[in-house]
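User: Could you walk me through this one? I'd like to start with the overall picture and then go into a few details.

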Amino acid sequence: MLRPTSAGGVALSNMADQPMMRSHRRVSVCAPITYQVGNEEGEGTAWNLSRCGCQFTGNLSLREGTFFSFTLSLSTSERVYVAAACVCWSGGTDHGVNIVVIDEESAETLAAFIDREAAGCQESR
């Protein structure tokens, strides 16, 4: 719902009632992830993935706003290295993260994987 502001613009209200629109396709995965936070290393499983982020469960709890790096194993021959990611939400050992810095090769590998997975989902319908 939009409501006028005193500056003549509009503001959103009742955001919780609005469906969230994602800017990139998200696919379900079950992929091992290794992540580094300072001098600590965590391990876990990514559950969904997009070109700009992922959701994963790990053995180290991370706070919202934490920056860290991670490696995601998509297959035995495909790995994606993310130099910097930021935790956008956290619930215990479950985390939602945004990718901040990724090299070109990893970005291309990630995009190709998501496209293949999404195409496979469409074919199975």
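**Overall picture and details**

Analyst: Of the 125 residues that make up the protein chain, 36% count as buried, and please keep in mind that this is a predicted model.

User: How many helices and strands are there in the chain?

Analyst: The protein chain has one helix and eight strands, and read along the sequence these follow the pattern β-β-β-β-β-β-β-β-α.

User: Which residues touch the most other members in the largest nonpolar core?

Analyst: That core has 26 residues, and those touching the most other members are Tyr35, Leu49, Phe56, Phe68, Phe70, Leu72 and Val97. At least two core residues each come from strands S3 (27–37), S4 (40–50), S5 (53–58), S6 (67–73), S7 (79–91) and S8 (94–102), and likewise from H1.

User: And which element gives the most to this core?

Analyst: S3 does, with six residues.

User: Switching to the surface, which residues gather in the patch of negative charge?

Analyst: The patch is formed by Asp103, Glu104, Glu105 and Glu108. Of these, glutamate 108 lies in helix H1, which spans residues 104–123.

User: What about arginine 63, where is its place?

Analyst: Arginine 63 sits in the loop between S5 and S6, and with a relative accessibility of 70% it counts as exposed.

User: How far apart are arginine 63 and cysteine 86?

Analyst: They are separated by 23 residues in sequence, and their C-alpha to C-alpha distance in space is 9.6 Å.

Definitions and conventions. Residues are numbered from 1 along each chain as its sequence is written. This is a predicted model: local features need pLDDT of at least 70, side-chain atom pairs count only at pLDDT 80 or more; totals for chains, interfaces and linings use all residues. Side-chain values use heavy atoms; hydrogens and water are left out. Patches are made of residues with over 30% relative accessible area and no salt bridge: like charges are joined within 9 Å, nonpolar side chains (Val, Leu, Ile, Met, Phe, Trp, Tyr) within 5 Å. Accessible areas come from the Shrake-Rupley method with a 1.4 Å probe; for residues, only the protein chains shown count as cover. A salt bridge is a side-chain nitrogen of Lys or Arg within 4 Å of a carboxyl oxygen of Asp or Glu. Lys and Arg count as positive and Asp and Glu as negative; His and the chain ends are not counted. The place of a charge is taken as NZ of Lys, CZ of Arg, CG of Asp or CD of Glu. Helices (H or I, at least four residues) and strands (E, at least two) are DSSP runs, numbered from the N terminus. A nonpolar core is a set of buried Ala, Val, Leu, Ile, Met, Phe, Trp, Tyr and Cys residues joined through side-chain atoms within 4.5 Å. Buried means under 20% relative accessible area, exposed over 50%, partly exposed in between (1.4 Å probe, protein chains only).
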